[in-house]
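This report covers an annotated site, the surroundings of a ligand and a nonpolar core.

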Amino acid sequence: MYKELIESALEARENAYVPYSNFKVGSAVLMEDGSIFSGCNIENASYGATNCAERTAIFNAVSHGHTKIKALAVVGDPHNFTFPCGICRQVMVEFAENKNIPIIIIKNKDEYVVETMEDILPGAFTKIDLDAVKDVKNV
Ligand SMILES: O=c1ccn([C@H]2C[C@H](O)[C@@H](CO)O2)c(=O)[nH]1
Ligand SMILES: [Zn+2]
């Protein structure tokens, strides 16, 4: 069912730039119109500047004008399930079409588990209600 998305994540993993961890990750997002965008992790000599594969894929989609994610796939260690980090989970929530979208955690092309956005980030902080902020400030 998720064949194309999974293949796209596996392919993106090949481009991972990982001279520091040597841990390759690939990710792909399925957008509202059926388009797929992918990304890999990109490390930096200043370690904190590293971008995870999931965020690279999401930022790639947003950069192309797509802001509604219908499904996300991620693959890291081919012998283990690699779950998204906390920062990526928060970025996913920003663009997830709803809290029930599937998050596909891939080990290899035949083995994967499917979670939902709500499963991996329950009770997420979402968009700020700007009108409420305005009321508090009384402006
Ligand atoms: O879900 C994950 C977990 C880790 N990484 C990256 C960050 C870093 O480059 C390397 C080791 O943490 O893996 C991702 O891209 N996605
Ligand atoms: Zn991350």
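Two residues are in contact if their C-beta atoms, placed from the backbone, lie within 7 Å. In this predicted model, alanine 9 is in contact with Gly26, Ser27, Ala28, Ser38, Ala73, Val74, Val75 and Ile106, its neighbours within four places in sequence being left aside.

Alanine 9 is also one of the residues that touch the most other members of the largest nonpolar core, along with Val29, Leu72, Ala73, Val74 and Ile104; this core has 33 residues. Two or more residues come from each of helix H1 (3-13), strand S1 (26-31), S2, H2, strand S3 (69-75), helix H3 (86-95) and strand S4 (102-108). S3 gives the most, with six residues.

The "binding site" annotation in the unreviewed UniProt entry covers Asn41, Ile42, Glu43, Asn44, Ala45, Ser46 and Tyr47. Asparagine 41 lies in the loop between strand S2 (36-40) and helix H2 (53-63), and serine 46 is placed in the loop between S2 and H2.

| Residue | C-beta neighbours inside 10 Å | Class |
|---|---|---|
| Asparagine 41 | 24 neighbours | buried |
| Serine 46 | 7 neighbours | exposed |

Asparagine 41 counts as buried because it has 24 C-beta neighbours inside 10 Å, the cut-off being 20 or more. Beyond residues up to four places away in sequence, asparagine 41 touches Ala16, Val18, Val25, Thr50, Asn51, Cys52, Ala53 and Thr56.

Around ligand 1 there are 16 residues, of which Ser21, Val25, Asn41, Cys52 and Ala53 come nearest. The shell consists of nine nonpolar, five polar and two charged residues.

Key
Residues numbered from 1 in each chain as written. Chains lettered and ligands numbered in written order. Predicted model: local features only at pLDDT ≥ 70, side-chain atom pairs only at ≥ 80, totals over all residues. UniProt positions renumbered as here; feature names shortened; annotations may be inferred. Helix = DSSP H or I, 4+ residues; strand = E, 2+ residues; numbered from the N terminus. Buried ≥ 20, exposed ≤ 12 C-beta atoms within 10 Å, placed from the backbone. Near = placed C-beta within 6 Å. Nonpolar A, V, L, I, M, F, W, Y, C, P; charged D, E, K, R; others polar. Core = buried A, V, L, I, M, F, W, Y, C linked by C-beta atoms within 7 Å.
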